[in-house]
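Trainee: I should like to work through this structure by question and answer. May we begin with the terms that the discussion requires?

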Amino acid sequence: MGSFSADVDVFVEVVAAGSFARAAERLHVTRSAAAKAIARLETRMKVRLFNRNTRSLNLTEAGATYYEYCLRALDEMKSAENALESGKAEIAGRLRVSVPVLFGHLCLTPILVDMARQHPQLLLDLTFTDRMVDLMEEGVDL
């Protein structure tokens with residue numbers, strides 16, 4: 001069984017190629033494998049993505065909508081990869097940390113302060129306590 005992301009890749013390629021056969025050739029898979037990937041997507045989403053007949057392959061309205069979302073998602077993933085590859089990924093946001101008092105002051109605080117200096121968009125929220133913290137209930141990240 002193919003992975004969801006692999007099935008999405010097949011879907012996008014089928015749309016771009018205009019046929020299962022051309023998409024399968026470009027992806028180095030069989031036409032049957034490409035058709036099964038589309039069938040899995042259609043089953044998963046409970047919609048028909050293509051209107052098919054012996055002469056043509058056209059996107060349904062749902063298929064066209066899904067295709068636009070897939071293109072945006074793929075663009076976002078490429079942007080994320082580029083940012084990470086170029087070293088421009090910036091750590092940002094709030095990080096809530098709860099640590100035991102002694103360990104926090106002696107060991108962890110210097111490391112976290114240095115991290116905060118390196119990443120000005122990072123907001124540290126440190127809590128020093130020796131009691132057990134319920135991470136979920138108290139909204140603590142670490």
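Mentor: A residue is called exposed if its relative accessible area is over 50%, buried if that area is under 20%, and partly exposed in between. Please bear in mind throughout that the model is predicted.

Trainee: By that scale, is Lys46 buried or exposed?
Mentor: Lys46 is found in the loop between helix 3 and strand 1 (50-52). Its relative accessible area is 73%. The cut-off for an exposed residue is over 50%, so Lys46 is exposed.

Trainee: Where is His28 placed, and what is its relative accessibility?
Mentor: His28 belongs to the loop between helix 2 (20-27) and helix 3 (31-45). Phi of His28 is also positive, near 60°, in a residue other than glycine. His28 counts as exposed, because its relative accessibility is 73%.

Trainee: Turning to the aromatic residues, how many aromatic pairs does a search of the whole structure find?
Mentor: The rings of Phe11, Phe20, Phe50, Tyr66 and Tyr67 are linked by ring pairs into a cluster. For the whole structure, the number of aromatic pairs found is four.

Trainee: What is the geometry of the pair formed by Phe11 and Tyr67?
Mentor: A pair of aromatic rings is described by the distance of the centres and the angle of the planes. For Phe11 and Tyr67 the centres are 6.2 Å apart and the planes make an angle of 75°. Planes over 60 degrees apart count as edge-to-face, so the pair of Phe11 and Tyr67 is edge-to-face.

Trainee: Which parts does this pair tie together, and how many residues apart are they in sequence?
Mentor: Phe11 lies in helix 1 (residues 4-17), whereas Tyr67 lies in helix 4 (residues 61-85). Phe11 is buried, with a relative accessible area of 0%, and Tyr67 counts as buried at 15%. The pair therefore ties together helix 1 and helix 4, at a separation in sequence of 56 residues.

Trainee: Which ring lies under the charged end of Arg72?
Mentor: Two charge-over-ring arrangements may be named here. Arg44 lies over the face of Phe4, at 4.1 Å from the ring centre. The charged end of Arg72 is 4.6 Å from the centre of its ring, which belongs to Tyr69.

Trainee: What is the corresponding C-alpha distance for Thr65 and Leu49?
Mentor: Thr65 also lies in helix 4, and at 42% relative accessibility it counts as partly exposed. Thr65 and Leu49 are 16 residues apart in sequence. The C-alpha to C-alpha distance between Thr65 and Leu49 is 9.3 Å.

Trainee: In what sense do strand 3 and strand 4 pair, and what is the handedness of the crossover?
Mentor: Strand 3 (residues 93-99) and strand 4 (residues 122-128) pair in the parallel sense over seven bridges. The chain passes from strand 3 through helix 5 (residues 101-118) to strand 4, and this β-α-β crossover is right-handed.

Trainee: Which residue in strand 4 stands opposite Val97?
Mentor: Val97 is in strand 3 and counts as buried at 2% relative accessibility. Another bridge joins Arg94 to Leu123 in strand 4. The residue opposite Val97 is Leu126.

Trainee: Does the span of helix 5 agree with expectation or depart from it, and where is its kink?
Mentor: At 1.5 Å a residue, the 18 residues of helix 5 should span 26 Å, and its end C-alpha atoms are 24 Å apart, which agrees. Among the buried residues of helix 5 are Gly104 and Leu112. A kink of about 55° lies shortly before the proline Pro110, at Leu108.

Key: Residues numbered from 1 in each chain as written. Predicted model: local features only at pLDDT ≥ 70, side-chain atom pairs only at ≥ 80, totals over all residues. Heavy atoms only, no water. Pairing = 2+ DSSP bridges. Helix = DSSP H or I, 4+ residues; strand = E, 2+ residues; numbered from the N terminus. Right-handed = clockwise from strand over helix to strand, strands pointing away. Phe/Tyr/Trp six-rings, centres within 6.5 Å; stacked < 30°, edge-to-face > 60°. Buried < 20%, exposed > 50% of the residue type's maximum accessible area, 1.4 Å probe, protein only. Lys NZ or Arg CZ within 6 Å of the ring centre and 35° of its normal. Expected span 1.5 Å × (residues − 1). Bend = angle between axes of the 7 residues up to and from the residue.
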